[in-house]
Amino acid sequence: MTVRIDEKRVFEIIESEKPKVVLVNAPGGLLRQTKELMERVKEKYGVTSVLSGDSCFGICDTADDDVEELQADLAFHIGHNAAVTEVGDYTYLVDAVDDVEFGEVVEKAAVVLAPYKRVGLATFSQHLHQLKPVKERLETKGFEVIIGKGNSMMLEGQVFGCDFSTSYQIREQVDAFAVLGESEFHAVGLALATGRPTFMLDPYMDEVTDMQQAADERRKRAILAVYKARDARVFGVITGLKEGQKMLGRSRWITTRLEMSGRKVVQLAMRDVTAERLAPHREIDAFIQTACPRISIDGFTFDRPVLSIPQADALVALIEGREPGEFLERSKWIELTVGLIKR
Ligand code: SF4
């Protein structure tokens, strides 16, 4: 795998903004390349870079609020791009593009996807540049290929782990989705959110994986957690403190509904929602966290139910005597607040 950070953009910003200190944050998989870039920035411009040591899983994990605290001049958020290029007061989004080719895996996909005439294509930041070439290739094999339009947050065909709105809008027009890249995380999310057959095209192993089984498992676990939480008397409602996950309004709404139904609620706030962080709160029977939904949907380590926003909606429906329905099938599972307002 060769992932290239858009160094040219970083250099151009440094040349125009002339910072003395920059704050950098990047996902774990890009730390080596990020540190190399920081060294080059130091050598070329004499600019000091501070690397954020906090977790960075998505575009919600910007470090804009830390810029002033660290007396830095601006921040680079590496590896997660969006329809906007600057967020918050100080942060520049910087792409990281994966050079891997999809030729071989598309050949295999053409066979696996044969029963589906209309195919929706989607991917995440690193492979967005491959959408058009793969579309053309599949079209030469007789498929009708649709890429979901971008919006104010996301680029054409882009999905986040919590926001599938570009694909959700075309789900009725396609028979199946193909997700470019080796990311069960994104592919299973898309399968759950759209309710459509979804296949992951892994260009490293040249494998095509049907996500049905993984999606069914996640869905069952998510439903089970909701029903378990229905019996809880004491709830912990957790508001995430990460910049893009501060869903205070949703936390308040859920707290009110639970209290109206006679449940006791302890309101909590934390940056990282982990089993270790929840362990001391022994009096709490179930948690609802309004931060990253994937903590709940993919989290396999909790000893009590920890519900995401869609699951909390299902719980409230159950408590109020309504049918929860297919609560994971929606365009987005959280409304990111990532300071994604362009400066
Ligand atoms: S909140 Fe969304 S963007 Fe942030 S880590 Fe979770 S899935 Fe990714």
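Residues are classed here as nonpolar (Ala, Val, Leu, Ile, Met, Phe, Trp, Tyr, Cys and Pro), charged (Asp, Glu, Lys and Arg) or polar (the others, Gly among them). By this scheme, the shell around the ligand divides into seven nonpolar residues, three polar and one charged. The model is predicted, and local features need pLDDT of at least 70, while side-chain atom pairs count only at pLDDT 80 or more. Residues are numbered from 1 along each chain as its sequence is written.

The ligand is surrounded by Phe57, Gly58, Ile59, Cys60, Gly161, Cys162, Phe185, Gln245, Cys292, Arg294 and Leu336, where a residue is near if one of its heavy atoms lies within 4 Å.

Two packed helices are described by the angle between their axes and the distance between the axes. Helices are DSSP runs (H or I, at least four residues), numbered from the N terminus; their axes are lines fitted to C-alpha atoms over the stretch in contact, with angles from 0 to 180 degrees between N-to-C directions.

Helix α7 (residues 184-194) and helix α8 (residues 212-230) pack at about 70°, their axes 9 Å apart. α7 is therefore roughly perpendicular to α8, given that angles under 35 degrees count as roughly parallel, over 145 as roughly antiparallel, 65 to 115 as roughly perpendicular and the rest as oblique.

For helix α1 (residues 7-17) and helix α2 (residues 31-45), the axes come within 11 Å and cross at roughly 40°, so α1 is oblique to α2.

Helix α9 (residues 248-260) and helix α12 (residues 309-319) have axes that come within 11 Å and cross at roughly 25°. α9 is therefore roughly parallel to α12.

How values were computed
Heavy atoms only, no water. Helix = DSSP H or I, 4+ residues; strand = E, 2+ residues; numbered from the N terminus.
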